[in-house]
Amino acid sequence: MTSPAPRTAIVTGAARGIGAATALRLARDGFAVGVLDLDEATCKDTVSAIESDGGRAIAVGVDVSDAQQVEAAVDRVAGELGAPTVLVNNAGVTRDNMLFKMSDADWDAVIGVHLKGSFLMSRAAQQHMTAAKWGRIVNLSSVSALGNRGQANYSTAKAGLQGFTKTLAIELGKFGVTVNAIAPGFIVTDMTKATAERIGVPFEEFEQARAAEIPVARSGQPEDIAATVSFLVREEAGFVSGQVIYVAGGPKA
Ligand code: NAP
């Protein structure tokens, strides 16, 4: 039950929001962090925050839905920081619309980033975890997996990630790799700000209305999710696998 020598984590979609908070938290926990996002330049703030906190990180530009880019990104992290044995599949997009107005492109973009992206990243990273006989994968699902008006693409992807999580947990368990999903509720990020904008409600009003429905009487912050990731990737969480943890301030959305 010893900790593995390489302590490198990859967080996708880490330029901002939940991914940035998670990258910072994992760096504080002692990981060197591969900060991945679509545009390498947008990762610089996260990398600088980690470095000024005394941590180690590199910025890597990658579209997680592109197999070749994913292979190259994981190789680069392994080469520069050491074999990644922790992967947080966090990159995400929304293209909300009612079913009758949802375009093929809206569907493909969301399924491509969340589902194909998590598949490609996990497939590329697992070789380092199975070789180390230790690893942790955390997938970002959502309360929308339970169904959410205007999100047929997103809720399908987030529900699909739950099945993906359970199957990887079964396949990779014997290599010391655990795989879990976190399903956040309402978290204050650019993504939820964009939702408020789309429905034409000022964000403060939108947030207050959402918080009023949440049992702990507040909205979630990216750090709430980062703290849950921090627990799941620890050595002591090694018997928690194939689970979906709803981090939503209450039992349901
Ligand atoms: P966010 O602020 O929109 O950040 C998502 C990040 O992912 C962005 O930096 C984005 O880059 C990046 N990204 C998008 N497509 C990518 C691709 N193909 N390859 C690499 N990176 C890509 O979102 P967030 O609110 O922090 O959400 C993080 C995760 O939590 C997502 O999976 C989301 O679905 C999930 N989640 C969020 C909430 C919430 O309330 N916020 C609730 C439940 C679940 P660009 O800026 O360049 O597009």
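Predicted model: local features only at pLDDT ≥ 70, side-chain atom pairs only at ≥ 80, totals over all residues.
Quick housekeeping: local features need pLDDT of at least 70 and side-chain atom pairs need 80 or more, while totals for chains, interfaces and linings use all residues. Numbering runs from 1 along each chain as its sequence is written, and side-chain values use heavy atoms, with hydrogens and water left out.

Okay, so who surrounds the ligand? There are 28 residues in that shell, the closest being Arg 16, Asp 37, Asn 90, Tyr 154 and Thr 189; to count, a residue needs a heavy atom within 4 Å. By class, that's 13 nonpolar, 10 polar (Gly goes here) and 5 charged (Asp, Glu, Lys, Arg).

Now the polar contacts, meaning N or O pairs within 3.5 Å. Asp 63 goes for a ligand nitrogen, at 2.8 Å. On its own the ligand exposes 900 Å², and the protein buries 90% of that (Shrake-Rupley, 1.4 Å probe).

And why does the ligand lie between the domains? Domain 1 (8–185 + 222–247) and domain 2 (186–219) both give residues to its shell, so it ends up between them; those bounds come from an automatic or database assignment.

Note on methods. Polar contact = N/O pair within 3.5 Å; in protein donor to acceptor, adjacent residues only side chain to side chain.
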